[in-house]
Structures are given as structure tokens and as C-alpha cells.
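Subject: Structure handover

Dear colleague,

Here is the structure we discussed, with its sequence. My notes on it follow below.

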Amino acid sequence: MTEALEALVAAAAAARENAYAPYSGYAVGAALRSRDGRVFTGANVENASYPAGICAERAALAAAVAAGARQFDAIALYAAGKATPCGICRQALAEFGDMEVVCAGPDAALRSFRLSDLLPEAFSL
Ligand code: THU
């Protein structure tokens, strides 16, 4: 893995420290890198009304888009087990094009995918 991707994984791991996951107990961190080199982080934020919760990846995406970023080359996810982005997050990220998806965590060897392989034929209008 390149140094830049290692830094992205480290940013995702740090963001995970701020996850708010009192219901599932499953903390997730994400770090999304825009093509101009900025890094936006997110953590999952759960809610007593379960569907109101948001995943780490979409939290990072919302922060990035709000800051004006529209093009991304990689996202890192940090979580326990062998986590990959959920289906909704795959679709949300695919809105902004293809990118590398690095899945990391304390339990499993790091894995890297193309978003287009994780979500072939993403929906678009
Ligand atoms: N979660 C994420 O943040 N990202 C994923 O890709 C999968 C799941 C969160 C949602 C919920 O807060 C917790 O993990 C358990 O599903």
C-alpha cells in the first residue's frame, strides 16, 4: 500500500474513535480523498429512531460535498471484522464516479476494491 493510502486508513481509524454507535456497538470510520488531495472523514452516527442513523461513508461524503469536493479517488473504511461499504453507501459514492475502496480494520487483512466492482451497474438518471 502506498504511503498516501496508509495515511487515509489512519484517518479512517481516527475518525472511528468518534463514532456514535450506542445501539449497534459497531463503530465505523471513513476517510474520503478528493482528487485535489483533501481528506474528509466521517463516523457512523446512530439514532434512537434507527433509520435516522447514518453510515461513516455517507457522513464523510456529505462533509466533502459540503466543502465543494466533487471528484474522489479513494475512500478508506475502518471497522471490525471484514467490513465493506453497505449497499446504500456504494450507491451514494457511485454518484460521484469510480474510486478505490480500501477496507481496513483491526481484525482482517486490508483489502482494496474498485467501487465499480462492488456495485456494478449503479443506478443513475
Ligand atoms: N455502518 C457504517 O457506518 N458503514 C457501513 O458500511 C456499514 C454499516 C454502520 C451503520 C450502523 O451504525 C452500524 O454500522 C451497524 O450497522
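Y50 counts as exposed, at 62% relative accessibility (exposed is over 50% relative accessible area, buried under 20%, partly exposed in between; 1.4 Å probe, protein chains only). The model is predicted: local features need pLDDT of at least 70 and side-chain atom pairs count only at pLDDT 80 or more, while totals for chains, interfaces and linings use all residues. Residues are numbered from 1 along each chain as its sequence is written, and side-chain values use heavy atoms, leaving out hydrogens and water.

There are two aromatic pairs (Phe, Tyr or six-membered Trp rings with centres within 6.5 Å; planes under 30 degrees apart are stacked, over 60 edge-to-face, the rest tilted). Y23 and Y50 make a tilted one, 5.6 Å centre to centre with 45° between the planes. Y23 is partly exposed at 41%. The other pair, F72 with F96, is edge-to-face at 5.9 Å and 80°. F72 is buried, at 0% relative accessibility, and F96 is partly exposed at 23%.

The ligand has S24, Y26, V28, N44, E46, C55, A56, E57, T84, P85 and C86 around it (a heavy atom within 4 Å). Alone, the ligand exposes 370 Å², of which the protein buries 75% (Shrake-Rupley areas, 1.4 Å probe).

Regards
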